[in-house]
Amino acid sequence: MELNSKSPTGPIETRWERHRFNLKLVNPANKRKYTIIVVGSGLAGGSAAASLAELGYNVDCFCFQDSPRRAHSIAAQGGINAAKNYHNDGDSVYRLFYDTVKGGDFRARESNVYRLAGISLNIIDQCVAQGVPFAREYSGYLDNRSFGGAQVSRTFYARGQTGQQLLLGAYQALERQIGFARGIVTRDLISGKIESHFADAVVLGTGGYGNVYYLSTNAKGCNATAIWRAHKRGALFANPCFTQIHPTCIPVSGEYQSKLTLMSESLRNDGRVWVPEKKGDKRAPSQIPEAERDYFLERKYPSFGNLVPRDVASRNAKAACDEGRGVGESGLAVYLDFRDAIERLGASVIKERYGNLFDMYNRITGEDPYKDPMRIYPAIHYTMGGLWVDYNLMSNVPGLYVIGEANFSDHGANRLGASALMQGLADGYFVLPNTIGDYLASNKFEKVDASHAAAREAESDVQAVTRKLLDAKGKRSVDSYHRELGKIMWEHCGMARNTEGLKHALALIPPLREQYWSDVKVLGSGEELNQSLEKAGRVADFFELAELMCRDALERNESCGGHFREEYQTPEGEAARDDENFAYAAAWGFQGVGQPPVLHKEPLTFEYVHPSQRSYK
Amino acid sequence: MRIILHIWRQRNASDKGKMSRYEVPDVNHEMSFLQMLDVLNEDLIVRNEEPVAFDHDCREGICGMCGCMVNGMAHGPLPGTTLCQLHMRHFKDGDELYLEPWRAKAFPVVKDLVVDRGALDRIIAAGGYISVATGSAPDGNAVLVPKENAERSMDAAACIGCGACVAMCPNAAAALFTGAKIAHLGLLPQGQPEREQRAIAMVAQARQELFGSCTNIGECEAVCPKEIKLEVIARMNADFIRASLTGR
Ligand SMILES: Cc1cc2nc3c(=O)[nH]c(=O)nc-3n(C[C@H](O)[C@H](O)[C@H](O)COP(=O)(O)OP(=O)(O)OC[C@H]3O[C@@H](n4cnc5c(N)ncnc54)[C@H](O)[C@@H]3O)c2cc1C
Ligand code: SF4
Ligand code: FES
């Protein structure tokens with residue numbers, strides 16, 4: 001299959017403008033004749049649904065929570081990037097573009113990234129106008145902070161609740177437009193009713209798949225079901241192995257652990273990461289003198305220090321723990337210390353900046369980070385991979401659009417902090433509402449209804465899966481299987497990967513999947529709210545996706561960004577890319593459960609930012 | 001430690017429902033309240049009993065999904081804390097806890113501890129927004145917002161829409177929730193043009209949803225996990241009265 005990215009050519013600064021001009025428009029009076037389904041009400045889905053409704057389309061928006069305001073985007077803490085250069089510190093659209101392509105380790109499309117950087121300016125304007133209470137300086141102007149992977153201050157924030165405030169902005173815009181809720185097939189979570197919905201175009205903004213690992217910073221309900229079922233019906237899945245590990249999360253405390261809590265990356269602005277110089281040093285942190293502490297990020301990367309990108313920070317923390325210098329009971333943690341910042345700025349400034357994060361840390365661990373350093377460890381956080389989309393954000397299935405974390409665009413092999421919110425809102429407010437019209441205006445649609453063969457087939461598939469899960473009547477709970485799958489993935493397809501481990505995982509997953517289908521125990525019925533049944537369907541999809549992730553990781557014989565293959569590293573232990581052989585996006589086609597998928601390659605070319613070994617030294 | 005739980009079990013909206021007693025024998029101090037319920041549910045599954053349905057998602061105190069009454073207190077005994085952020089180190093061996101769903105006419109029970117809070121969305125839909133079309137906004141720094149106002153606005157905007165204020169209020173009023181949105185937007189220059197209209201529409205919607213009237217008891221403020229202050233209700237009343245007087 002020839003993948004046509006529809007990426008414009010010519011001067012990069014005007015690519016989007018020229019492309020937009022060439023898109024067909026839908027006559028305003030005709031817009032209400034089209035129905036668009038938006039699955040997802042996060043930053044991407046919510047902003048898209050609100051903007052499309054505003055344009056006059058008929059929009060149906062779906063989510064799995066009891067209110068669109070609860071989408072996982074709400075949990076984003078740190079901030080959102082925009083190249084406003086309000087601080088005159090040398091920022092520009094070009095620099096944000098450059099940082100993002102480089103941060104992504106040269107595995108994203110230049111055209112997309114440049115468009116994203118440009119749109120970042122409009123996003124801030126839009127959100128301010130909606131009433132997002134961004135942090136201000138005393139003068140009343142917008143304030144900024146710095147984030148990893150950048151040397152300028154371009155991150156806008158609303159305390160530690162930026163995602164919440166941006167999402168409420170989109171949610172309120174959505175509520176203004178549509179009373180909250182057509183083809184997709186859904187199972188009504190409360191009544192169990194299976195229904196088909198029909199539309200002229202479908203938009204998936206269903207978020208990332210980090211929960212494959214069971215333990216992650218994602219909300220418990222985050223799932224891959226919508227994108228995975230689209231994949232099984234023909235949509236290509238790109239770069240599934242590109243997952244991001246976040247360096248600063250609260251470490252695991254026990255077997256009952258149900259999820260991991262992120263401590264925002266913004267903390268690395270003022271917190272210093274260290275471990276004891278000596279192995280197995282069990283003294284309390286306050287007892288360890290300055291000379292016996294190793295501030296390993298500052299030591300190894302003097303120019304970026306604690307603000308190196310996430311993949312670099314995570315790997316270095318893991319390395320320190322692997323050497324036996326980890327702290328805390330499990331030895332799987334490093335310190336994030338605010339002592340010096342508190343001395344320099346005073347506790348009240350630190351409280352103003354991070355108060356709610358410190359409170360959260362205290363609530364979870366019972367420890368006081370104003371006195372003792374935080375203990376942190378990397379955890380699965382974000383998935384750069386997702387359904388393959390072209391420059392218009394349409395998948396290879398005509399009329400199926402994918403936005404936000406659910407698609408693979410823009411971040412390459414590693415996402416920079418504060419760039420996911422930016423991408424979700426860019427896709428939803430500014431890109432999709434422009435590009436979807438071109439598809440609608442260029443095609444003729446015949447009416448389909450519930451009697452259509454494809455709809456009947458999809459409905460009966462959903463029914464069959466539900467039956468099969470309820471009828472297995474086995475011995476083990478859904479969670480116990482999910483936990484086991486998660487462990488395999490974290491161990492072999494996590495922070496560091498190698499051929500042997502990946503092959504091992506690929507040998508373990510299929511039998512476990514088979515066992516799951518015959519031995520899972522789901523109580524209750526399909527006719528009313530059944531949270532175990534919801535989970536069971538999601539975990540079934542995770543099993544299949546996990547296998548694809550391992551295959552993709554095994555196939556990519558290089559290290560890049562979040563994908564670190566131990567066999568491919570520089571003498572200093574940094575990721576060693578292989579641009580000659582792997583400068584492409586890997587877009588996989590589904591061939592059947594347990595069947596090897598087919599690989600399509602979209603070559604990536606770099607005309608502006610020339611691939612180089614990333615260096616943050 | 002051992003914890004004894006009495007939990008409201010109700011199959012669906014039309015079922016009558018009753019309290020059932022359970023024991024969780026090995027509760028670890030480091031566990032969160034919801035992790036304890038996870039452990040109970042795993043155990044129920046082993047014993048072929050249907051697990052307890054409860055809402056949750058982020059488990060970080062921000063999505064507003066979780067919450068139930070714990071011994072008569074919404075979100076349990078710890079101030080400023082959602083149920084998911086409440087940890088078992090605040091309980092002791094042998095404690096007996098009664099868990100019930102939010103009780104309010106406007107929040108019908110869906111199953112066990114899960115209720116339908118759609119009424120809160122409809123209050124927002126009535127006027128909890130600033131009408132700005134995508135793409136029409138001026139530069140972000142074109143409108144200055146005094147830091148003090150931005151901070152106070154943010155204090156109110158921190159509401160997570162959990163509904164604890166309603167559950168705790170003897171009148172089942174949604175005044176703290178509604179007032180929080182009115183204060184968030186009303187404290188910003190961008191929110192001024194629609195300020196009066198907003199108050200009228202949102203208050204009217206709350207009434208239509210069968211929420212009660214506020215009689216200044218203050219239980220809501222005491223249990224609000226985001227510590228939203230009663231002054232937002234005063235603001236709401238002031239905006240509402242001014243709008244009524246000017247006849248808008
Ligand atoms: C703890 C945390 C902190 C973060 N902090 C930051 C930050 O500071 N800055 C930043 O830029 N990024 C941050 N991120 C990343 C960022 O929050 C996410 O990538 C982004 O919000 C994803 O938005 P989305 O709209 O694509 O998806 P989501 O917000 O995940 O929304 C998904 C939507 O799809 C719906 N849905 C999903 N599956 C189904 C289904 N099967 N059927 C029906 N509906 C479905 C859900 O109900 C939901 O409405 C953070 C992430 C985490 C986990
Ligand atoms: S005001 Fe407080 S208690 Fe009420 S919904 Fe908002 S956060 Fe919950
Ligand atoms: S689960 Fe999100 S607030 Fe408790």
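Contact means heavy atoms within 4.5 Å. These legends describe a predicted model, in which local features need pLDDT of at least 70, side-chain atom pairs count only at pLDDT 80 or more, and totals for chains, interfaces and linings use all residues. Residues are numbered from 1 along each chain as its sequence is written, chains are lettered from A and ligands numbered from 1 in the order in which they are written, and side-chain values use heavy atoms, with hydrogens and water left out.

**View 1. Two domains of chain B.** Chain B splits into domain 1 (3–110) and domain 2 (117–245). These bounds come from an automatic or database domain assignment. Taken over C-alpha atoms, the two domain centres are 29 Å apart. Across the boundary, 21 residues of domain 1 of chain B are in contact with 20 residues of domain 2 of chain B.

**View 2. An open sheet in chain A.** Four strands lie in the order β14-β8-β16-β17 (chain A), with antiparallel pairing. In chain A, β14 (386–387) and β17 stand at the edges with a single partner strand each, so one side of each has no neighbour in the sheet. Strands are DSSP runs (E, at least two residues) and helices are too (H or I, at least four), numbered from the N terminus. Two strands pair if DSSP finds at least two bridges between them.

**View 3. Strand β16 of chain A and its partners.** β8 (residues 237–238) of chain A joins β16(A) through 2 antiparallel bridges. Here F237(A) has W588(A) as its bridge partner. β17 (residues 598–603) of chain A pairs with β16(A) over 6 bridges, also antiparallel. In that pairing, A586(A) stands opposite K601(A).

**View 4. Both faces of β16(A).** Buried means under 20% relative accessible area, exposed over 50%, and partly exposed in between (1.4 Å probe, protein chains only). In β16 (residues 584–589) of chain A, 6 of the 6 residues are buried, so the strand is largely enclosed by the rest of the structure. Y584(A), A586(A) and W588(A) cover one side. A585(A), A587(A) and G589(A) are on the other.

**View 5. The second largest pocket.** A pocket is an open set of points on a 1 Å grid over the protein atoms alone, where a 1.4 Å probe fits, with protein on both sides within 12 Å along at least five of seven lines; lining residues have an atom within 4 Å of a point. The second largest pocket has a volume of about 860 Å³, the space filled by probe spheres set on the points. Of its 39 lining residues, the closest to the centre include R159(A), N356(A) and K226(B). α11(A) gives the largest share of the lining, 9 residues.
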